[in-house]
Amino acid sequence: MSDREMVRDYLNSLMKFLSRLDKEDADDVLREIECHIYDVMEIRQENGQIIDAGEILRGFGQPRELASQYVDHILEGAPPPMGFRAIQKIKSGTTKGLYWTTAIFGYLFSAVLVAIGLLKTINPDAVGVWPSGNGESVVIGAMSRIPTDTQEILGWWIIPIALGLGLGGAYLTKRILNVLKPKAR
Amino acid sequence: MADNIKDPSKWDVQLRKGTLELVILSLLKGRNLYGLELLGQLQELETTAISEGTLYPLLDRLKRDGSIDAKWHQEGDTRPRKYYNLTKNGQEKLTDLTDRWRKSVEDIEFLLENPGPQKLPKKGK
């Protein structure tokens with residue numbers, strides 16, 4: 001393996017372990033380390049020394065250990081947001097399955113609510129909230145058959161309520177996913 | 001302690017753990033340096049020689065706590081480099097740490113200069 005391939009492999013591996021950082025921060029870390037490595041290689045070349053990428057990389061340590069020094073403050077430093085403490089406790093055992101299930105259901109639910117809010121402006125009569133089963137339950141949504149035996153109860157209020165809940169749900173899902181993001185292995 | 005006498009590097013490692021922040025801040029006082037320059041300067045001195053894997057995460061931590069700032073800068077055809085400098089907070093922190101360091105050295109010197117068996121005299125007498 002050539003020196004450049006070795007450096008590329010190291011940086012790719014480091015990038016994977018830095019995945020908990022914001023992309024901009026992770027790119028900044030990688031760029032700085034890459035510049036350092038190539039600076040040292042150039043200096044050695046100019047001085048007629050042996051360019052040993054392996055030795056240079058050993059100074060940085062294993063990618064996982066190096067990355068953990070940049071990332072651990074996210075897990076340990078900042079206090080969790082209000083109401084997120086239980087999630088913080090289980091996050092270390094989070095699987096990819098839970099992450100993606102939360103993402104799909106969270107965003108899908110939010111998208112449906114936003115769609116209901118928007119559809120109300122297009123087809124006002126078909127979208128709404130109707131009491132059902134003698135008032136023991138409600139039907140919410142865009143109906144192909146408008147219930148005739150009951151009165152819609154929210155009217156135009158469904159637009160701000162559905163949009164607010166939909167956008168709020170999407171924001172909450174994003175925050176939860178940030179906490180649940182599985183650690184790179 | 002006998003182990004430390006045989007292997008001074010162990011003592012240096014322990015000492016560095018507590019003093020590395022002070023070392024980095026003092027190196028950046030009045031200077032803008034990038035990582036490789038910082039590393040080179042630290043490796044010039046016997047007890048401050050650290051590895052890349054220690055330096056860069058520490059710079060990141062000092063930047064996050066507001067003690068230092070960093071800016072990418074490119075000169076001519078050279079590779080862009082990330083230069084670090086002290087912030088106002090960093091300068092205040094350096095002053096505080098310097099005071100504590102000097103106080104610590106003074107106290108240890110006091111202990112070294114006053115061996116037993118007699119009781120330790122009151123300081124300043």
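Author: The model is predicted, so local features need pLDDT of at least 70 and side-chain atom pairs count only at pLDDT 80 or more, while totals for chains, interfaces and linings use all residues. Residues are numbered from 1 along each chain as its sequence is written, chains are lettered from A and ligands numbered from 1 in the order in which they are written, and side-chain values use heavy atoms, with hydrogens and water left out.

Reader: What makes up the secondary structure of chain A and of chain B?

Author: Chain A has seven helices and two strands, in the order α-α-α-α-α-α-β-β-α from the N terminus. Chain B has five helices and three strands, in the order α-α-β-α-α-β-β-α. Helices (H or I, at least four residues) and strands (E, at least two) are DSSP runs, numbered from the N terminus.

Reader: Why is the pair of Tyr10(A) and Phe60(A) called tilted?

Author: Rings of Phe, Tyr and Trp (its six-membered ring) pair if their centres lie within 6.5 Å; planes under 30 degrees apart count as stacked, over 60 as edge-to-face and the rest as tilted. The structure holds four aromatic pairs over all chains. In the pair of Tyr10(A) and Phe60(A), the centres are 6.5 Å apart and the planes stand at 50°, so the pair is tilted. Tyr10(A) belongs to helix 1 (residues 3-17) of chain A and Phe60(A) to helix 3 (residues 53-60) of chain A, so the pair ties together parts that are 50 residues apart in sequence. Tyr10(A), Phe60(A) and Tyr56(B) form one aromatic cluster.

Reader: What makes the pair of Tyr99(A) and Trp100(A) edge-to-face?

Author: The planes of Tyr99(A) and Trp100(A) are at 90° and the ring centres 5.2 Å apart, so the pair is edge-to-face.

Reader: How do you know whether Tyr99(A) is buried or exposed?

Author: Buried means under 20% relative accessible area, exposed over 50%, partly exposed in between (1.4 Å probe, protein chains only). Tyr99(A) has 16% relative accessibility and therefore counts as buried. Trp100(A), with a relative accessible area of 53%, is exposed. Both Tyr10(A) and Phe60(A) are buried. Leu180(A), in helix 7 (residues 158-180) of chain A, has a relative accessible area of 4% and is therefore buried. Of the 185 residues in chain A, 35% are buried; of the 125 residues of chain B, 34% count as buried.

Reader: What is the charged end of Arg31(A) placed over?

Author: A charge sits over a ring if NZ of Lys or CZ of Arg is within 6 Å of the ring centre and within 35 degrees of the ring normal. The charged end of Arg31(A) sits over the ring of Trp72(B), 3.8 Å from its centre. The charged end of Lys120(A) sits over the ring of Trp156(A), 5.5 Å from its centre.

Reader: Why is helix 1 of chain A called roughly antiparallel to helix 2 of chain A?

Author: Axes are lines fitted to C-alpha atoms, for helices over the stretch in contact, and angles run from 0 to 180 degrees between N-to-C directions. Angles under 35 degrees count as roughly parallel, over 145 as roughly antiparallel, 65 to 115 as roughly perpendicular and the rest as oblique. Helix 1 of chain A and helix 2 (residues 23-46) of chain A pack at about 160°, with their axes 11 Å apart. Helix 1 of chain A is therefore roughly antiparallel to helix 2 of chain A. Residues in this contact (heavy atoms within 4.5 Å) include Val7(A) and Leu11(A) of helix 1 of chain A and Ile33(A) and Ile37(A) of helix 2 of chain A.

Reader: What makes helix 3 of chain A oblique to helix 4 of chain B?

Author: The axes of helix 3 of chain A and helix 4 (residues 52-64) of chain B come within 5 Å and cross at roughly 45°. That angle makes helix 3 of chain A oblique to helix 4 of chain B. Ile56(A), Gly59(A) and Phe60(A) make the contact from helix 3 of chain A, and Glu52(B), Gly53(B) and Tyr56(B) from helix 4 of chain B.

Reader: Why is helix 2 of chain B called roughly perpendicular to helix 3 of chain B?

Author: The axes of helix 2 (residues 8-28) of chain B and helix 3 (residues 35-44) of chain B come within 11 Å and cross at roughly 115°. Helix 2 of chain B is therefore roughly perpendicular to helix 3 of chain B.
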